[in-house]
Every structure is written in C-alpha cells, then in structure tokens.
Amino acid sequence: MSAENLELLRQANDRFLATGELDRELLDDDVVIRDHDIPDTRDYHGPADFGRWLEDWGEAWAEWTIEPEEYVDAGDKVVFVFRMTAKGRGSGLEVDRHDAMVYEFRDGKVIAVDYYNSREQGLVAAGVAG
C-alpha cells in the first residue's frame, strides 16, 4: 500500500502546485496537521482546518515557491521533501531551504501531516533516518 500512498500524494501535490486546489478527498475527516516550524502553533484538525493552516502559513510570506525534490516511502508514511524559497512579509527575510512534510496514511487517506523545516527532521520523524 505504501507505493500507492506515495503516488496518491504525488498526484495531489502536482494538482495543488498547478492549481492551488487542495485534494480534500485524500484527507481523512479527522486529519491532524502539526507545524513544527512555527513555535507555539496549534494543531489543525479536519480538511477545512488544513486549508486554514495553509492560509496561516502563507500569511507570513510576501512571496513563496516550493519545488518538489523527493518522495520517501516510509511504510504507512510518505516524506515529501521540497525546496522552499520565500520572502518574509514584514521582515523581508529571504529563505532558501529544504523542508519536509510527513504524511501518515490509513486506508488510502491522510490521517496526519507534520511539517518540518529540514529534510533530516522529516526523515527522523518518519523513522527512516536516525
């Protein structure tokens, strides 16, 4: 099932990057999103809150782009590694780094998403690096 999960995520990300549309069908009704990049942030719950998290995250940046780099099969998890370039909305701070999102699947649906500001943190969190 892990290869199928990887392909489902790749297709959903391709769609999001091309259209800005979130594939809500891929998300479990109780999906939880945790952002480990922003200190003291709350967890987000459910597909609608996933959209809210994207909005909250995007508010910090005047402009941003992400370029997919790698999908790592981690059993019931898939690590999505990407290059993020961004410019802070208020600070003008420019960021160029490799971030990771760990998607956990159950029965073909995403049940959890964890956002990390490095590839290494994502791989460790998914249990594929030590």
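**Entry 1. Helices against the sheet**

I looked up helix 1 to begin with: it lies across strand 3, strand 4 and strand 5, and runs at about 165° to strand 3. I worked on a predicted model, in which local features need pLDDT of at least 70, side-chain atom pairs count only at pLDDT 80 or more, and totals for chains, interfaces and linings use all residues. Residues are numbered from 1 along each chain as its sequence is written, and side-chain values use heavy atoms, with hydrogens and water left out.

I took helices (H or I, at least four residues) and strands (E, at least two) as DSSP runs numbered from the N terminus. Axes are lines fitted to C-alpha atoms, for helices over the stretch in contact, with angles from 0 to 180 degrees between N-to-C directions. Contact means heavy atoms within 4.5 Å.

I then turned to helix 2, which lies across strand 1, strand 2, strand 3, strand 4, strand 5 and strand 6. Helix 2 runs at about 25° to strand 1.

I recorded an open sheet of 6 strands in the order 2-1-6-5-4-3, with mixed pairing. Strand 2 (44–45) and strand 3 are the edge strands, each pairing on one side only. Two strands pair if DSSP finds at least two bridges between them.

I found strand 1 and strand 6 running parallel, joined by 5 bridges; Asp35 has Tyr115 in strand 6 as its bridge partner. Strand 1 and strand 2 run antiparallel with 2 bridges, and here Ile33 stands opposite Tyr44.

**Entry 2. The two hairpins**

I traced strand 3 (residues 61–74) and strand 4 (residues 77–88), which pair in the antiparallel sense over 12 bridges. Glu63 stands opposite Lys87 in strand 4. This hairpin has 2 residues between the strands, and Gly75 takes a positive phi near 75°.

Next I followed strand 4 to strand 5 (residues 94–106), an antiparallel pair with 11 bridges. Val81 stands opposite Ala100 in strand 5, and Lys77 has Glu104 in strand 5 as its bridge partner. There are 5 residues between strand 4 and strand 5 in their hairpin, and Gly92 in the turn has a positive phi of about 75°.

**Entry 3. Nonpolar cores**

I defined a nonpolar core as a set of buried Ala, Val, Leu, Ile, Met, Phe, Trp, Tyr and Cys residues joined through side-chain atoms within 4.5 Å. The largest nonpolar core has 26 residues, and Trp53, Met84, Met101, Tyr103, Val110 and Val113 have the most contacts inside it. Helix 1 (2–19), strand 1 (27–35), helix 2 (47–59), strand 3, strand 4, strand 5 and strand 6 (109–116) each give two or more residues to this core. Strand 4 supplies the largest share, 5 residues.

I checked Trp53: not counting residues up to four places away in sequence, Trp53 touches Ile33, Asp35, Tyr44, Met101 and Tyr115. I also noted a second, separate core of 9 residues, including Val79, Val102, Tyr116 and Leu123.

**Entry 4. Asn13**

I located Asn13 in helix 1. Asn13 counts as buried because its relative accessibility is 9%; buried means under 20% relative accessible area, exposed over 50%, and partly exposed in between (1.4 Å probe, protein chains only). Leaving aside neighbours within four places in sequence, Asn13 is in contact with Tyr71, Phe80 and Tyr103.
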